[in-house]
Amino acid sequence: MEQIKEKIPAIKMEHIVKKFGNFAANDDINLEVKAGEIHALLGENGAGKSTLMNILSGLLQPTSGEIFLRGKKVKIKNPAAASKLGIGMVHQHFMLIDAFTVTENIMLGAEKTKGASLDIETAKKEIQALVDKYKLKVNPDALITDISVGQQQRVEILKTLYRKADILIFDEPTAVLTTQEIQELIATMKNLAAEGKAIILITHKLEEIRQAADRVTVIRSGKSLETFNAKNVSAITLAEKMVGRKVSFTTEKKAAKTGKDILKINDLVVKDAENVTKVDHLSLDIRAGEIIGIAGIDGNGQTELVQTVTGLTHSQSGEIILDGKNITNKTPRKIIKAGTSHIPEDRLRHGLEINMPLADNMVIENFYEKPYARMGILQGKAIADHAKKLIKQFDVKMTSIDEPAGSLSGGNQQKAVVARELSRDSKLIVAAQPTRGLDVGAIEYIHKQLIKQRDLGKAVMLISFELDEILDLADRIAVISSGKIIGVVNTKDTTKEELGLMMTGVGLKSARKELEASKNKNKAGVK
Amino acid sequence: MQSRNNKTIIAICSVVFGLIAGAIIMLFFGYNPFSGYGSLISTAFGTPQNIGEIFSQMTPLILTGLSFLIAQQAGFFNIGMSGQLFGAWVGSVWFALTFPHLPDFLIIIGATTFGVVIGAISGFIPGYLRARFGASEVIITIMMNYVILYLGNDAITAVFPNSIKQTVDSSNQVGNHGGIGLKWLSDLTNQSSISAGIFIALITTLLIWFVMKKTTLGFSIDAVGKNADAAKYAGINEKATQIWAMTLSGALSGLGGVTEGLGHYGNVFVQNSTPETGFNGMAVALLGSGSFIGVILAAALFSALTVGGAGMPNISGVPTELVAIVIALIIFFVGTGYLIDLMIEKIKSADQASSNKGKGPGAGKQQQKKISKKEQKELEA
């Protein structure tokens, strides 16, 4: 390892700034990666990791800043140029053609030809050689449809190696893998690094960093904070750095007056279309008059949990009881009628019919009921009156209720969704990322509305990737990781560090133990 | 997104461009476009009989246009209107000829219902297959066109008893027992093939407009067609709605077939290929650009062109086929509506630019821009 340090860094990114309008996704980021090391990039969602990597792989151009490859200043104009420079990216969402074989997918875009026809045989030999060299078990003749997700990822890795990449970027590579596959992937990355390749690992899982990385750079709000030696840094320090100590506006609230259980989820299992388990024997109770926050890193089963509770997806086993009524795998309409409101994660996909008038959107769940319809005939005036009332009450700014909902600004669209969902007087409110992408004013407003619902005795299930938001609003916090509830804690008894550790899959007891140990260490250090 | 306004302009421009292109083609082949179009107009509107013919031909076009429109609003591309129409045509004529002793109004109601049900079932099948199994409605409706064509032809030649047949491959005329011809209308139009079908088509348009704009079913269809995910989220059964929409679409094409059988032709006969009226309905809906009045106007235009085109060879020597070319070109221009849209936007922004020019500072800026552009060119060179 000593030799490596003396070498010129494989990549050096200096003072990278990337602005989208007024928003700086990257705001002066410095990153140095040496050949032969696995360098982790750690940061929350939206911290700017992907933007930085898109700059490195030629998809985006930096607003300012310089990139040096092996000591030479370069401009990476497009992905093809990046590929030529030896930069390869293993995407989180695989870019593979299902109906093609492994070989065909790998050669796509870098085809070997013999005269006018493809030279598949030579390509296959080369790929087989790479497979053997790096122990990336995959059959070059297999169709992509027929191989596992882990093998598909290996094809992505082979794709970059086939193009002779010596700088490999892994974008959250473990999100889709099983534990076994993760171990194999880490071994592969170590192999590649030992070869002298520079590996960048984008992740927010602390455990992986400890296992795989040599060094780790923490990014928060578009700024690179510090680079640590991965072996010597505690998970707590990293979690602290990643989340930041920023003081947030707290929403005033009274102590919760909880009642009976409104929502009971028992041993729920949900699998996705690829038969990957997304929600894994999950159990959770939510009482009337409380907000329960579901904390966790994106992609740990939150979306599937919400969609199953609201009837958009089906569960494989387990049951969901809403106020004594079994609503497991019922239709969305039945679940809505049973007393559920749902502020969806994606307001453009689920929350609104952006091409329909705002007025219609405000009754989209109950347009067929009195007073909005009589004998199957829509009552235009009742619908308009309802929309006008909600718009006034929830302060939605728009030109006319007859304008399509898509013409509203993002914040007002979300306010409209919130207005519709909270005005229906449901027993359970499922709020998934209710403030994502909104400005401070709108966030504050929506927070207050959720607290108000709690005080009215509703059960609120709040899903958010923002720990601050959860700590601010929730009475109890359930931490979700890999589709399981790792632990449920009272908000007043927990800390960000504890939650951060639990979010990476560490159980409550071991998280507390580790925190205790580090506290003692610090005290000892002071003495 | 295109605004309603732009869509209307696109439709009008398409018709104008189509006619101009048709004129250029006439010039190219040595015909005089003025006498060509002149003969078209004088034929179409010259005699009461031809005016009656226009109404008669636009009747099924309105209904198949509506049929396509409804399917489209639910997110379907129904190409099966031709088959749906023919199935209903055969069915309605069979019913009317098989029960001639029923009271006339019962024959009409029975035959219409029978035909519409055949159309509805032909729409239901692709709707169900797509909602249930994700099967492409385009492929299924195309295939069903052939299935229904040959089933219908076989029914006429092999299943219809000789007692209701005029020749081997055509049925008797429905005549007064079940026919929907109106004496005062045919008298008025010098015995044209006009029938009460035109009123059925117009009333149906009004009814469908009401269903789509004012009822919960129309609301659901609209919501599902615009964003099926959001509709599902809101508790609308998106699959059932899709099936309903396709069934309704098939029923409308079926009604178009009924007016052909009981009105326009008054009988049914073996077809060499699936009836064109079904496909022309698609063109009508496209030119009508999603509006109900648009469908009626487009149907009127196409049938006037067709009726008028028949007179062109005799008067001006221009072949009838030119009309088919013009109609195709109109649809071509509607299809490339994006270009017209772009033109409208350009004209709009040019207008704004020129109004800015008068305001002083803007003018200076524009000049600067021009200079910098020149400089750029020089630099590039």
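Q: In the hairpin of β16(A) and β17(A), which residue takes a positive phi?
A: A:D323 does, with a value near 50°. The hairpin has two residues between its strands. This is a predicted model, where local features need pLDDT of at least 70, side-chain atom pairs count only at pLDDT 80 or more, and totals for chains, interfaces and linings use all residues. Residues are numbered from 1 along each chain as its sequence is written, while chains are lettered from A and ligands numbered from 1 in the order written.

Q: How many bridges hold β16(A) and β17 together?
A: Two, in the antiparallel sense (strands pair if DSSP finds at least two bridges between them). A:L322 stands opposite A:K325, which is in β17(A). Strands here are DSSP runs of E, at least two residues, and helices are H or I runs of at least four, numbered from the N terminus.

Q: What sheet do they belong to?
A: An open sheet of four strands in chain A, in the order β14-β13-β16-β17, with antiparallel pairing. β14 (277-287) and β17 are its edge strands, each pairing on one side only.

Q: Which helix lies across β13, β14 and β16 of chain A?
A: That's α10 (302-309) of chain A, running at about 60° to β14(A). Angles go from 0 to 180 degrees between N-to-C directions, with axes fitted to C-alpha atoms, for helices over the stretch in contact.

Q: Ok, new topic. What's the order of the open sheet of six strands?
A: In chain A, the order is β6-β9-β10-β3-β11-β12, with mixed pairing. The edges are β6 (87-90) and β12 (223-229), and the twist from one strand to the next averages 20°.

Q: Do β9 and β10 of chain A run parallel or antiparallel?
A: Parallel: five bridges join β9 (167-171) to β10 (198-203) in chain A. One facing pair is A:I169 with A:I200 of β10(A).

Q: What packs on that sheet?
A: Helix α2 (49-56) of chain A does, touching β3, β6, β9, β10 and β11 of chain A. Its direction makes about 150° with that of β9(A). Helix α6 (149-162) of chain A lies across β6 and β9 of chain A, at about 170° to β6(A). For contact, C-beta atoms placed from the backbone must lie within 7 Å.

Q: How many residues does each chain give to the contact between A and B?
A: Chain A gives 22 and chain B gives 16. On the chain B side, α9 (216-226) and α10 (228-233) are the elements that give two or more residues. The largest share, six residues, comes from α9(B).

Q: Which residues of α6 in chain B are buried?
A: In that helix, residues 137-159, they are B:E137, B:T141, B:M144, B:N145, B:I148, B:L149, B:G152 and B:I156. Buried means 20 or more other C-beta atoms within 10 Å of a residue's own (exposed is 12 or fewer, partly exposed in between).

Q: And what covers them?
A: Among the covering elements of chain B are α4 (81-98), α5 (104-133) and β2 (170-171).

Terms used: Two residues are in contact if their C-beta atoms, placed from the backbone, lie within 7 Å.
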